[in-house]
Number of protein chains: 2
Amino acid sequence: MSAGVWKEQVADKRKRQQEAIPPEWRYIDLPSNDQLNVLDVPATCGLLTPLELEITNVSDVSVLLKQLASAQWSSVQVTTAFCKRAVIAHQLTNCLTEIFLARALDRAAELDEYLKQHGTVMGPLHGLPISLKDQFCVKGLETVMGYAAWIGKVAAENAVLVDLLLDCGAVLYVRTNLPQTLMWAETNNNVFGRTVNPYNRNFAAGGSSGGEGSLIAMHGSILGAATDVAGSIRIPAHFCGIYGFKPSAHRIPSYGISDALDGQDSIPTCIGPLSSSLSGLMVFFQAVLSKQPWRRDPRTLNKPWDQDAYMLKGQNEGEQLCFGLLWNEGTITPTPPVNRALEQTKAALEKAGHIVINWEPFKHKEFYVNARAIWTSDGYADYRASVNTGEPLLHSMKPDADPSDVPPHRRPREPLSSFDVWQLNKERRELRKAHLDYWESSITRTGTGRPVDALICPGGPYPAVPHGHARPSFYTWMWNSLDYPVLAIPVTKVDASQDVKPPPHKFLSADDEGVYQLYDPVLFDGLPVGIQVMCPTQHEEMLLAIGKIVDKSLHDIGKQ
Amino acid sequence: MSAGVWKEQVADKRKRQQEAIPPEWRYIDLPSNDQLNVLDVPATCGLLTPLELEITNVSDVSVLLKQLASAQWSSVQVTTAFCKRAVIAHQLTNCLTEIFLARALDRAAELDEYLKQHGTVMGPLHGLPISLKDQFCVKGLETVMGYAAWIGKVAAENAVLVDLLLDCGAVLYVRTNLPQTLMWAETNNNVFGRTVNPYNRNFAAGGSSGGEGSLIAMHGSILGAATDVAGSIRIPAHFCGIYGFKPSAHRIPSYGISDALDGQDSIPTCIGPLSSSLSGLMVFFQAVLSKQPWRRDPRTLNKPWDQDAYMLKGQNEGEQLCFGLLWNEGTITPTPPVNRALEQTKAALEKAGHIVINWEPFKHKEFYVNARAIWTSDGYADYRASVNTGEPLLHSMKPDADPSDVPPHRRPREPLSSFDVWQLNKERRELRKAHLDYWESSITRTGTGRPVDALICPGGPYPAVPHGHARPSFYTWMWNSLDYPVLAIPVTKVDASQDVKPPPHKFLSADDEGVYQLYDPVLFDGLPVGIQVMCPTQHEEMLLAIGKIVDKSLHDIGKQ
């Protein structure tokens, strides 16, 4: 293909994307690019009616579902409201890829009719608009996934998760942006461009599910489906102040999605939700399991919802839990607001009668070296095959990046042999075993007669960063390698007066020093900060129950 | 290492193995090599007392456990009986590797003392001798796994499964033979030599768990732990007339075993039991799960025993099941006794009120090509690394094999890259999805309102074969690639008068023609023949319940 053709295709795609927005929602009075925080614009721009504002301001998914199920609000009303607010969010943060509002409104009308005729809901997500990361193929729509070469690639089938959500009564209306190759903690690609953070548009929305992060933070969606192989759900949740849930691999079906590094099964892509409430994560997880996903995706675990585990039957019904708190994993020292979020969490849990013990990092660097070797074992063959129409492979997320400057962690490795990867799999198995034993051995320190019930660690070493400044996704990819389920829970916001810059510490690495230099309380003021909470592999029900306790404890002490 | 040193090491290992048998159990009156069927020798050779014969003649594990729990029989009595009978079996079929009887008797005495002191059993396997395939590392014992280079390799830790069995109150006493590289349907290696079939010592015991097969058929063990990556539990079960159970991957812990192709995680090694009764498989599976194995092996599924699934709550409590019957998968046409076993099963199930429909093969060859490519993707690097002290890699299991003659299916492939394997993983995922959809689509043909509840297929295309004549393990490895749990159930014996050789059919392949030529009703007379029964991935409880129904139906019509 002659050089430049890909650019024409991108221009055409962007034009078609613009045209997917009804003109009356497109030409509205939006703030100039100088306005960095745009969270209030939906309330002030005049496009949304008071009812639409009321609907979209709901954070708790279960509240919205009740309104829908009782026909207090019709699905057409709710869908219209979220379509409008999503379009506003997009025009402010560039968070969307596919926009299919007419289809959504038709579907909503069908659901309203269904409820009227049957007197009952179609399923546990009846009438609820759900956004999808750009990987979830929807029949009849393109799946571009940020690659120019994939423009025009129309899906012949829905991803299994898409079918399940529809069976549950969901309304699908938009797909959301992600970075080229997916393996980035920020969101930018040559087709759809960069998604920015609605708290501060000079800052990253996170990645790879950055589109979901910005959209949900803007209340343009209340619940979205995303993927996470190294932090892609949790980083945007942390950067954008929302909730995220990375279950263990293969609990939520991945069949039929588009993916980077496709076929890399050693540390698999996990599917999970992002939401403005913890209840959204719970509703999503339960709804999908209720449809027996293992009957449609052979890799999905045959593990129905476990109510006993959710009731914390093995943890004294949650009466007095013990948490391990990991302050610093030894890669990058957390910045002050992250530390404060941990302190706040510790205080909240202790006030609620739980125990919090310090947790020392365990072989994090070994996990990272191993995981990186596995993910790059193709020597970038997958990436190269995906940019085969001339678009450049991105080496940096900086707006002014020199395309020829490839930072060390983005340099391709020599391709490995299958036998080499077998050795890495063995190494990972040993690391996982050692970590599980380490976890179990905490039984001597908890005072509960059990090992720690969950771990808590920073959502990341920093809040959102200025575009291009995210470091390798330390603090998140450890848990992928361990295949532990993880919740991302927002805790607080950066407060320049409290989160002052400390004197320099002994730097753990160049990344650590870079982050220290980068952090500026005034510049970062107001950005969200969160934590991660995790349990051992395939303990999703237990984690959701514990997450609820953590979240409630934080609210009880007046979480900001 | 100078040529021949490995032979000295082997000679020393064999000498030490011989010395592990008490002399008074060694020099007994055994039949000459001309006696092909040796099943009756334990009853006639005079080593076992009448009580020891009574104990070891029990087939039903739950019966033996009751006798032990009620102190009718002490563990020392039971263990002594099985130690003696195992040693007889070994001297007739060469089925053992490590023999550690003194340690076993000490353990049995401890358990007897425990029962006396506590008035209750230590666990669900209290006092029961259990044999182990040579892969299950036991602290302080060598793990040779059929490789000369591994002689002297003493395990520093128990495999997780070994710890769990001990926690359940089991007594460990012998480990059993397997083929060099494990990837064979027969059992022979340069260290321990060949294991033969007790029904006919000119015939193979199967592989790779051939030692277990012969030992259990001889009632030298009532329950054994083994592994299965392509048929290694089910082929010996079929060849030796016993029960076998290959669960889905990672339901029973594999951590700490020795393995071939270690680190190959695409189609993983599954751990499961072999037994002289179906109850043995059930007892083993429930006992292991009762110990929460996921707390010791991070890869073991957190999926406790599901009693509702075992009660067949979703299958009308098993009232009228529908089975798909796969007569011929299209690789090798089953020989007449195998066909008769299927006919007998169909008749038994129909008589018991169940429905049996024909099941057409679905992409079996595609599955086989894909699986073989995955398993050989190292280009034999793993095998070569394991024979690095000069012993030859076996290319044939024939007693008179020409070492330079490598049959096509044993020729090393070119090593593949990691990226190549990613493509194979994708291909396998698509095959698995297609097969699951095919299974689910049977709902239109069953008349039960459900898809087929289970499939039935031959245990293999032939009964046991003369040494060296097993073909690639068609009929079994399909289900590994699908990760379906499978039971092997013995059905009948070859009957020369019924199972006459038919006129030649149109041959499907050279293997098919070879099998046709090989089959001789008179030569094969009396050999066991079995079936496989399987359910979709991670439906072990459902499969065990259905297997019980199948086995009972067969007994009710007078299974031979």
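Predicted model: local features only at pLDDT ≥ 70, side-chain atom pairs only at ≥ 80, totals over all residues.
A pair of helices in chain A can be described next. Two packed helices are described by the angle between their axes and the distance between the axes. Helix H4 of chain A (residues 50-57) packs with helix H6 of chain A (residues 75-93) at an angle of about 85°, and their axes are 9 Å apart. Angles of 65 to 115 degrees count as roughly perpendicular, and H4(A) and H6(A) are therefore roughly perpendicular to each other. On the side of H4(A), the residues that meet H6(A) include A:Leu51, A:Leu53 and A:Ile55, while those of H6(A) include A:Val78, A:Ala81 and A:Phe82. Sorted by class, this contact of H4(A) with H6(A) has six nonpolar, four polar and three charged residues.

On the scale of the whole chain, the domain assignment divides chain A as the table shows.

| Domain of chain A | Residues |
|---|---|
| domain 1 | 7-29 + 39-295 |
| domain 2 | 310-364 + 421-559 |
| domain 3 | 368-420 |

The C-alpha centres of domain 2 of chain A and domain 3 of chain A lie 28 Å apart, and the contact between them takes 20 residues from domain 2 of chain A and 17 residues from domain 3 of chain A.

Terms used
Residues numbered from 1 in each chain as written. Chains lettered and ligands numbered in written order. Heavy atoms only, no water. Axes fitted to C-alpha atoms, helices over the stretch in contact; angles between N-to-C directions. Helix = DSSP H or I, 4+ residues; strand = E, 2+ residues; numbered from the N terminus. Parallel < 35°, antiparallel > 145°, perpendicular 65-115°, else oblique. Contact = heavy atoms within 4.5 Å. Nonpolar A, V, L, I, M, F, W, Y, C, P; charged D, E, K, R; others polar. Domains from an automatic or database assignment.
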